[in-house]
Amino acid sequence: MTAIKHALQRDIFTPNDERLLSIVNVCKAGKKKRNCFLCATVTTERPVQVNVVKVKKSDKGDFYKRQTAWALRDLAVVDAKDAVKENPEFDLHFDKVYKWVASSTVEKNTFISCIWKLNQRYLRKKIDFINVSSQLLEESVPSGENQSVAGGDEEAVDEYQELNAREEQDIEIMMEGCEYAISNAEAFAEKLSRELQVLDGANIQSIMASEKQVNILMKLLDEALKEADQIEMKLSSYEEMLQSVKEQMDQISESNHLIHLSNTNNVKLLSEIEFLVNHMDLAKGHIKALQEGDLTSSRGIEACTNAADALLQCMNVALHPGHDMLHAVKEQQQRFSDLREQFARRLASHLNSVFVQQGHDQSSTLAQHSVELTLPNHHPFHRDLLRYAKLMEWLKNTDYGKYEGLTKNYMDYLSRLYEREIKDFFEVAKIKMTGTTKEGKKFATLPRKESAVKQETESLHGSSGKLTGSTSSLNKLSVQSSGNRRSQSSSLLDMGNMSASDLDVADRTKFDKIFEQVLSELEPLCLAEQDFISKFFKLQQHQGIPGLTTNEAEEMDGGTLSRSYASGGPQTISSEKDMIRQMMTKIFRCIEPELNNLIALGDKIDSFNSLYMLVKMSHHVWTAQNVDPASFLSTTLGNVLVTVKRNFDKCISNQMKQMDEVKISKKSKVGILPFVAEFEEFAGLAESIFKNAERRGDLDKAYIKLIRAVFVSVEKVANESQKTPRDVVMMENFHHIFATLSRLKISCLESEKKEAKQKYTDNLQSYVIYSLGQPLEKLNHFFEGVEARVAQGIREEEVSYQLAFNKQELRKVIKEYPGKEVKKGLDNLYKKVDKHLCEEENLLQVVWHSMQDEFIRQYKHFEGLIARCYPGSGITMEFTIQDILDYCSSIAQSH
């Protein structure tokens, strides 16, 4: 076991700086015996760590390897199994219970005793030792000079020092010189003792021999102490001298700090002065430009603009804290304020003069532009004013009061100028529409008052103001299309023929061109002014126009602005577009009423002009909305479009009203009703006007209303007609409506076209049956009796045996209708139909052909009854179907 312990110390623990104190050969309980060793070790380094290490023999050789190690502080219980009887088993409780069986009880007891001693010496931790003999634990208690095994071994180990190589070599030489030492250790020890005594004596003699040298050494030490005292005194004096130097250096350092602080302050002061000089110094040239600069020339305006920008930069410089308390800064700021006020006043005065001059210069060219039905071009004026745009922006940022004053003055002057121009422009447009006076005379008296045109138009159309134009023109066309109507039908259409000669297609085309010219002139005028306002007044900032009064603001925005003047403050407008639109409304406040007056005049001249106006106005509104839906132009044209649409609806309503009020003569035939012809003219005109128009939907709705009214009125007139049969009135008028709709191909009226055709067909058939009646009346009555007998149950071939219906009676009835009489009856029928039908619709031959077919149908019916009821009798009619065809053809040709 000693050899194993030495081998384990050498191979395993010494390399790890550990000492092996106890060892026990064990195997695990209950398993196949595979021996291993449990070792109790301590580290050689401080602090000492105590471990229990499991070592086992390697399977590949005779060397040992370290397998597992547990710290002794983790050990909780040591169970020896039996404290009385010898038992090699014992348990160690670490993280779990490890059961071991020792090779011998002595080794087990020695190992447990070592564990107890190590615990007492290093850990002082309470480890439970159960089933352990008390004698085994008492052996480790120290008594007298004897120490515990573990303690003695530990102290021995503490005192033991390994020999180094040289010491081992010396001992070996000494032992070689004393070969007997191995056999007689006491003799060897005595020899060593004697040699040690000899060495001690030599050392004492050497010390005593060196006493003189010791005295000399002591004397030298005394002198050295004295020198050290002197050096210390000098160092003290040096320290005192350095202390004064230190104080002087501190003063110098403080003085340098003050100098540095002074220099820093001077640099900062210089920087502040340079900042003020560089940022708050306005060049003399700029000052001169602001005070005396020429605001009429381009070079002078540019110089004033640069000077104004420089002044604004000086006034808006961000001063450092405390600058505003400097007297010089206050003086400079006051000087800047005076310059700003002086220049702003001079600029505002000059621009006001320019606004006034613009009004006087433009008035001289009004007559020339009015003659040509064009509005004056303001581009030169805008171009000249745009040179001041940057100055206006400067004025807006520096003196908003003068800026808003200029804005209000511009609107006042320009609104009066545009009002004169636009009113004169509309006067010319009205005169060109009426066309009652020579143009030279009209233009020579410009500007004319609107009342003059109004009186003139009233004199043209009568004091009653009725819309006779459209009715007259329609009646005219109806008369032309109908040809030689009967006198009573023509009298219905002659009501407005006196003025109808002046209202033809050329008049309407002329009106359309004039109206389009008016809109085409207004649109670029408004767009150019709006663009100028945006650029000149720099409306990028979302601000309002505080200078407007409440009434002006309401006038500008159509009375929709809220009245927020209760606090005495100005109204504000939320966005740039609102401000531009309201300025435009103020400047062009006369456009909308003038347009409404022109529209009213056009509608009074001819109500059908509302069709032209609806198409043109819709197109211009659509164009304006694509550019800017919220602009003044878009809003104004949209408002006027509402008026035009009302006039259009009024025109449709008038047409429907005229249908309800139509009266027919009781003594003349009806023919094509006037409102049917009027619908034809309206539809043809509307289709030519609304081709590819934006407001086609409005026309389609009007078509539906009109056609339904036409249908109702036709039936009403047909029911009230006394001279002309109802079926004829219905047949002719619905045939005319069907032909009109087929020719125009109006998609929204397809169902009405089919309905008109059906009504025409039904009434044609009804008229034919009613007018033809029973041309062979007695023969018809005879066969009605025959059919009655058959209906009562008599067989057809037995009818001839009836007394009233025998063959002889049939021959008598047939003889009463020879071919000559039949032709005479058909001739009278043709004359009767000719009296009923009107010539312009040309339906006589159609009706006559239908009657011919109906007569032949009756003839065939009679022949069939004769063949069935009187078979083999040889009885036939005295005329044939070919005779009927010849009679009808000759009658039609003769008439």
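**Up close: helix 30 and helix 31**

Guide: Helix 30 and helix 31 cross with a left-handed sense. Bear in mind as we go that this is a predicted model. To find the pair, look for residues 777–792, which make up helix 30, and residues 807–815, which make up helix 31. Their axes lie 8 Å apart and meet at an angle of about 155°. Anything over 145 degrees counts as roughly antiparallel, so helix 30 and helix 31 get that label.

Now zoom in on the side chains. Helix 30 brings Lys-778, Leu-779, Phe-782 and Phe-783 to the contact, and what they meet in helix 31 is Glu-809, Leu-810, Val-813 and Ile-814. Sorted by class, the contact of helix 30 with helix 31 has six nonpolar residues and two charged ones, with no polar residues.

Helix 33 covers residues 844–869 and helix 34 covers residues 881–894; here the angle is about 160°, with the axes 10 Å apart. That puts helix 33 roughly antiparallel to helix 34. The crossing of helix 33 and helix 34 is right-handed. On the helix 33 side you'll find Gln-845, Trp-848, Gln-852, Phe-855, Ile-856, Tyr-859 and Lys-860, and across from them in helix 34 sit Ile-881, Ile-884, Leu-885, Cys-888, Ile-891 and Ala-892. The tally for the contact of helix 33 with helix 34 is 10 nonpolar, two polar and one charged.

The crossing of helix 9 and helix 13 is left-handed. Ile-301, Cys-304, Thr-305, Ala-308, Asp-309, Leu-311 and Leu-312 from helix 9 meet Lys-390, Leu-391, Trp-394 and Thr-398 from helix 13. By class, the contact of helix 9 with helix 13 splits into seven nonpolar, two polar and two charged residues.

Next, the rings. The count comes to 28 aromatic pairs. Take Phe-94 and Tyr-98: their ring centres are 6.2 Å apart and the planes stand at 65°, so they pair edge-to-face. Phe-94 is buried at a relative accessible area of 11%, and Tyr-98 is buried at 17%. Phe-355 and Tyr-410 form an edge-to-face pair, with 5.1 Å from centre to centre and 70° between the planes. This pair links distant parts of the chain: Phe-355 belongs to helix 10 (residues 327–363) and Tyr-410 to helix 14 (residues 400–434), 55 residues apart. Phe-355 and Tyr-410 are both buried. Ring pairs join Phe-355 and Tyr-410 into a cluster with Tyr-400, Tyr-403, Phe-532, Phe-536 and Phe-537.

The peptide bond running from Arg-46 to Pro-47 is cis, with omega near 0°. You'll find Pro-47 in the loop between strand 2 (36–43) and strand 3 (50–57). Asp-17 isn't a glycine, yet its phi is positive, at about 60°. Asp-17 sits in the loop between helix 1 (2–13) and strand 1 (18–28), and it is partly exposed at a relative accessible area of 36%. Lys-745, another non-glycine, has a positive phi near 55°. Look for Lys-745 in the loop between helix 28 (726–744) and helix 29 (750–772); it is exposed, at 67%.

Finally, step back to the whole chain. It has 34 helices and eight strands. Of its 895 residues, 42% count as buried. Among contacts between residues at least 6 apart in sequence, 70% join residues at least 24 apart.

Key
Residues are numbered from 1 along each chain as its sequence is written. This is a predicted model: local features need pLDDT of at least 70, side-chain atom pairs count only at pLDDT 80 or more; totals for chains, interfaces and linings use all residues. Side-chain values use heavy atoms; hydrogens and water are left out. Helices (H or I, at least four residues) and strands (E, at least two) are DSSP runs, numbered from the N terminus. Buried means under 20% relative accessible area, exposed over 50%, partly exposed in between (1.4 Å probe, protein chains only). Axes are lines fitted to C-alpha atoms, for helices over the stretch in contact, and angles run from 0 to 180 degrees between N-to-C directions. Angles under 35 degrees count as roughly parallel, over 145 as roughly antiparallel, 65 to 115 as roughly perpendicular and the rest as oblique. A crossing is left-handed if the near helix is turned anticlockwise from the far one by less than a right angle, and right-handed if clockwise. Contact means heavy atoms within 4.5 Å. Ala, Val, Leu, Ile, Met, Phe, Trp, Tyr, Cys and Pro count as nonpolar, Asp, Glu, Lys and Arg as charged, and the others, Gly among them, as polar. Rings of Phe, Tyr and Trp (its six-membered ring) pair if their centres lie within 6.5 Å; planes under 30 degrees apart count as stacked, over 60 as edge-to-face and the rest as tilted.
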